[in-house]
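Have a look first, and then we'll start.

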Amino acid sequence: MIVRRRWTAAATTAILISAALSHPGSAAAAPAPAATPITLAATETALVRVQLRDQAQLDRLVATGADLANRPRARDGRILADLVLTGAQLADLTAQGATATQIVQRAGDGSRHFADSVRAAQARTAAGLRAPGTGQRTTAAVGVDTLAVQQAYWWTTGGQTFLQAQVATTATDDPDVEITVSWRTADGTTGSFPLYRFEDSGEYQYHYNLPQPMPSRPVQLTATSSLGGVSRAVTPALWPNATPPPLPAGYQKDFIDAYLTPVDIQARIKRLARQYRDLVDVIDLPNKTQGYRRNAVAYLGDPAVSAVVVESVRFGDQGMNGVQVRAVDPGRPNRPLTVGYRDRVLTVTLATDAAGKTVSTTDDVAAAINARQANRFRATVEDGSTGLPMPVAGPARLDDGLQGTEVPAKPWTVQALRLGVHRDGSRVGVLAYSQEHAREWATPLVTLEFAERMLANARTDPATRQLLEQVDIFVIPTVNPDGANYSFNDYNFQRKNLVNHCTGPARDPRYRTSWGVDVNRNYTVGSYFDGYVGASANCLSGNYAGTAELSEAESGNVIALAKAHPNIKFAMNVHSYGGYFMWPPGAYRADGRITLPRPSIDESTLFLNSARRIVGAIAQERGTVTWPSQTGPVADVLYSAAGNSADQLYYELGIFAWDFEVGNDRWNPATGEWEGVGFQPPFDEAHGESQEYAGGLVELVRVARDHAAAEAATG
């Protein structure tokens, strides 16, 4: 169910993604709008790639808490942002000069793709079937400024070669500096492309562009600036230049054949434990979640005119769904306002004056319900109805609004799989966890495909068996089952959990799709509560940090598992979408862009070298390459994410913690554009993501094994 959302609901606190992209004359460089404009119905919701008018428009979106799906990007002088928008919001942006370039996903697509995946699985069964400075750094001062080539990498995928470059100028305070990259291939072909200025939190970082198609492998790259700076010529390096060991004949994979709800995941965990008793333990994590439950609620009156929101104190499934509420005229003069509850009906008898006219206001009615029925109900004045006359209204039926009839209505026990021959803490541990954000449906497919590969091949492949002898593996397929159930059954763009900490008018049911806590902003290191950027105190924000650090069962479970098993030294948090590979630091303070402490040189080397190996393993499946510009610390390649889980695992518990963002942009040779795939792509794409990123997790296990062996050899 999709209800009306207000664009300004999160205006009191910005999401503070704080990313800025600009280039001189960018408005003039933008192409003309498409002949057929992309539009949405006013109440329709979709994930839309939008070409923004200018930097000021992006700044306003950030300040008003817009639902930005990933970091805005530059493309040929344009600022492109992926936003979850209603049709009314898109029309608003369009009127302000923005242009929609791609509908990545519509609100109804998730349900359709889920149904398609189930049908495909049934048919199959029936048939039997970037860190800054990680690249070359060369400088040469020729003019007013000096240029440093920070990255110059090339790779080939799907028969197409790409080049990506990142260059910094010493003229950091000059927003008008233009930088152009010139390249040459081995056969003498030459060309060039512009780079675009990237700022973060008001601080200049570098100039860059999206990967550019090349006719063949580039062998030389030079950067020049409009101020006269010229870099030394460099030779672009192959990225990621790492290949995993070949798979043996008969290696088993492709265990994912449909999208999986939390109920499906629970069943699969049970089946794996039964099927592989010698290799699997199931761990019930200590904090039960709220469950797929909400308070029952109704409007007493007409919210378009005058209304009070009446809500049950208990959850709807606890006998409160179906309770009725009404406001009645006593039909006599000089009567007081009274409230009574009998036979599952809450009756508000309005006060009258000497002439018998009702005189109670919405505020009077809400206060009376709260004073006289506080054990059963809470009432708030509908946003916009304060002080208005209370109409005779009802009866209205209270309901929790939940549509998932097959989801258990009870607190949920989150489960982890523990895989290995020695599940006693004597081996180095690896944690893979997914679906902190409910709408990221492909992520548990990755972790479950990984788990099944390890278990199935342990019986037929000596190398896999050896890995399970040497490494203790922990997998949490869905950290946020309540939000995921809501995403599958009610609102597919749900990001947060289902706990509603809102008070007052923010509890108005029109905001029901904005309630909840962002689980990955609820951890303790570099948090909103410590003054870091990238989370919000506004309960309606997509990045709401909660009432306190670790206030939520979901985040508490991740940390409880890690603390209970101190042999865990490596972790991967699987998110979607956009194709990123990241590690700490993940947050900074806004003033001066002060990040959490940087890893040591040795640890930074481990993070990057391991990333190369894992990115190489991902590419083996279907050629997907995570860009070097999107490989590095979270705060550098994505945005500041205050209170994320990887930071707590790394800084507090000493775990090498990474983040995947699966669902890389796909190159469309017909349009010459990189196109987004969304949170719930058609299942064929989600299946591809599960296969390639599961291979990445297998490589992470090898990384952990090799690191433990090296430590043992030197210890």
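Q: Which order do the strands of the four-stranded open sheet have, and what is the pairing like?

A: This is a predicted model. In it, the four strands are ordered β19-β20-β18-β22, and the pairing is mixed. On average, neighbouring strands here are turned by 10° against each other, if you ignore direction.

Q: What makes β19 and β22 edge strands?

A: Each of them pairs on one side only. That puts β19 (338-342) and β22 (393-397) at the edges of the sheet.

Q: How do you know that β19 and β20 pair?

A: Count the bridges. Pairing takes at least two bridges between the strands, and five join β19 to β20 (residues 345-349), so by that rule they pair. The two strands run antiparallel. Zoom in on G340 and you'll find its bridge partner in β20, which is T347.

Q: What is the strand order in the three-stranded open sheet?

A: The order is β16-β17-β21, with antiparallel pairing. The edge strands are β16 (295-302) and β21 (377-381), since each pairs on one side only. From one strand to the next, the twist averages 20°.

Q: Which strands does helix α7 lie across?

A: Helix α7 (residues 362-372) lies across β16, β17 and β21, and runs at about 165° to β21. Helix α7 also lies across β19 and β20, this time running at about 50° to β19.

Q: Why is the contact between E452 and R271 called a salt bridge?

A: Side chains of opposite charge can pair when their charged atoms come close. The cut-off is 4 Å between a side-chain nitrogen of Lys or Arg and a carboxyl oxygen of Asp or Glu. For E452 and R271, the closest N and O atoms are 2.8 Å apart, so this pair meets the rule. E452 sits in helix α8 (residues 443-457) and R271 in helix α5 (residues 262-275), so the pair ties together parts that are 181 residues apart in sequence. By this rule, the count comes to 30 salt bridges.

Q: What makes up the lining of the second largest cavity?

A: By class, there are 10 nonpolar, six polar and five charged residues. The lining has 21 residues, and N520, R521, L638, Y639 and E661 lie nearest the centre of the cavity. β26 (568-578), β27 (580-583) and β31 (656-664) each supply at least two lining residues, with the largest share, three residues, coming from β26. The space inside is about 210 Å³.

Q: Where are the cis peptide bonds that join G394 to P395 and P584 to P585?

A: P395 is in strand β22, while P585 is in the loop between β27 and β28 (588-589). Omega is about 5° for the bond joining G394 and P395, and omega is near 5° for the one from P584 to P585.

How values were computed. Residues numbered from 1 in each chain as written. Predicted model: local features only at pLDDT ≥ 70, side-chain atom pairs only at ≥ 80, totals over all residues. Heavy atoms only, no water. Axes fitted to C-alpha atoms, helices over the stretch in contact; angles between N-to-C directions. Contact = heavy atoms within 4.5 Å. 1 Å grid on protein atoms, 1.4 Å probe; cavity = no way out; pocket = protein on both sides within 12 Å on 5 of 7 lines; lining within 4 Å. Points joined across faces, edges and corners; volume = space filled by probe spheres on them. Nonpolar A, V, L, I, M, F, W, Y, C, P; charged D, E, K, R; others polar.
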